[in-house]
Amino acid sequence: MAVSLRKYLLLAAGLLAAGALRLPLESRWSRDFERQGLLIADPDPGTMAKMGQTLCAVALGGLRTLVATVFDLRAVGFYEDLAWDKLADTYEIMFALAPRTGEYWAAGARHQAYDAASYYRHDESLEMSPALREAHWRASVLRGRDMLERGIRNLPDNPDLHKALGALLSDPFRHRAFGASDATFEAAARAYGAAADCPEALPYLRRFEMYSLARVPHRRAEALELAWRLYANPGNRLPTLCRVYFALQVAANPGVIDPLALAVAMFGSEDAAYRELADYWLRGADGMPMDGVALVLRRIEAGRGIPDAESVFRKETRRSDERRGE
């Protein structure tokens with residue numbers, strides 16, 4: 001009897017020792033699998049507390065996608081009620097439950113950076129001072145950017161998330177929320193470039209990468225090289241690309257290129273050059289390079305005797321006055 005008891009005790013001690021040795025190995029393997037995307041980490045305690053006991057038990061039981069779907073349905077109600085903080089908290093739970101579902105990251109970011117931000121900026125029923133509106137607007141835009149960047153860290157090969165980040169960072173109505181202009185446009189270029197590198201990417205993504213680079217003065221040499229490669233394909237010769245490519249060439253070759261001759265060569269005629277560059281000039285508030293544009297417009301107007309009242313530069317003044325009066 002004593003011998004049998006000793007055998008059981010030795011067996012139990014052996015199992016405990018084996019478990020103690022196995023635990024650090026399994027922990028290390030789990031971390032490695034999580035980094036490789038082969039295993040999803042358990043939600044953190046704060047997230048589990050927000051889920052409630054029943055849904056938490058279901059999630060830990062392996063039905064995370066089902067639980068995430070339940071919260072996705074809840075999010076619809078918060079969206080309809082304009083409950084932006086509750087909506088953000090709900091998406092955070094969904095991110096924890098299904099971090100490799102790109103649609104959740106994209107939707108959560110869109111609701112914050114666009115829907116919530118527009119609500120704080122424009123909803124007339126909101127009783128809030130202008131300064132507080134601005135603070136909430138900026139916080140919502142930044143929250144949307146954060147969601148996209150975290151989504152990309154979880155899904156680095158998802159082109160839709162990269163594209164959405166590039167669009168947000170280059171959005172003229174949200175751009176100032178991010179502070180430093182050059183750094184923001186460089187980040188937008190990286191995002192569009194990553195999206196363009198994905199298989200079966202649409203051609204416009206590479207063009208948008210170039211436009212973002214062109215807005216950064218110290219990156220315009222790279223923008224010019226990329227524009228040259230894009231322009232070589234006739235399918236890329238859309239108005240904006242041609243206009244930006246023109247300005248980049250003039251900027252890179254001061255005193256060497258005749259801007260008017262280049263404009264006529266690129267756009268096909270003096271009429272077309274005036275029409276294209278006048279429209280580009282009037283849209284110049286988005287930070288694109290303008291080298292040579294005003295010179296060409298003035299030379300064409302002088303050569304044709306266009307009166308000052310009909311000058312594109314007078315139109316620009318009127319448009320600026322209208323914007324100030326809004």
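**Helix packing and nonpolar cores**

Helices H10 and H12 cross with a left-handed sense, the near helix being turned anticlockwise from the far one by less than a right angle. The model is a predicted one, in which local features need pLDDT of at least 70 and side-chain atom pairs count only at pLDDT 80 or more, while totals for chains, interfaces and linings use all residues. Residues are numbered from 1 along each chain, and side-chain values use heavy atoms, without hydrogens and water.

H10 spans residues 204-214 and H12 residues 239-252; the two pack at about 35°, with axes 11 Å apart. Helices here are DSSP runs (H or I, at least four residues), and axes are lines fitted to C-alpha atoms over the stretch in contact, with angles from 0 to 180 degrees between N-to-C directions. Arg207, Met210, Tyr211 and Ala214 of H10 meet Thr240, Leu241, Val244 and Leu248 of H12, where contact means heavy atoms within 4.5 Å.

Met210 also belongs to the largest nonpolar core, of 40 residues, where Met210, Phe246, Leu277 and Leu297 touch the most other members. Such a core joins buried Ala, Val, Leu, Ile, Met, Phe, Trp, Tyr and Cys residues through side-chain atoms within 4.5 Å; buried means under 20% relative accessible area, with a 1.4 Å probe and protein chains only. Beyond four places in sequence, the contacts of Phe246 include Leu262, Met266, Leu277 and Val296.

Leu277 lies in H14, where the buried residues also include Tyr274, Ala278 and Trp281. A second, separate core of 38 residues includes Ala107, Trp137, Val141 and Leu155.

How values were computed
Buried < 20%, exposed > 50% of the residue type's maximum accessible area, 1.4 Å probe, protein only.
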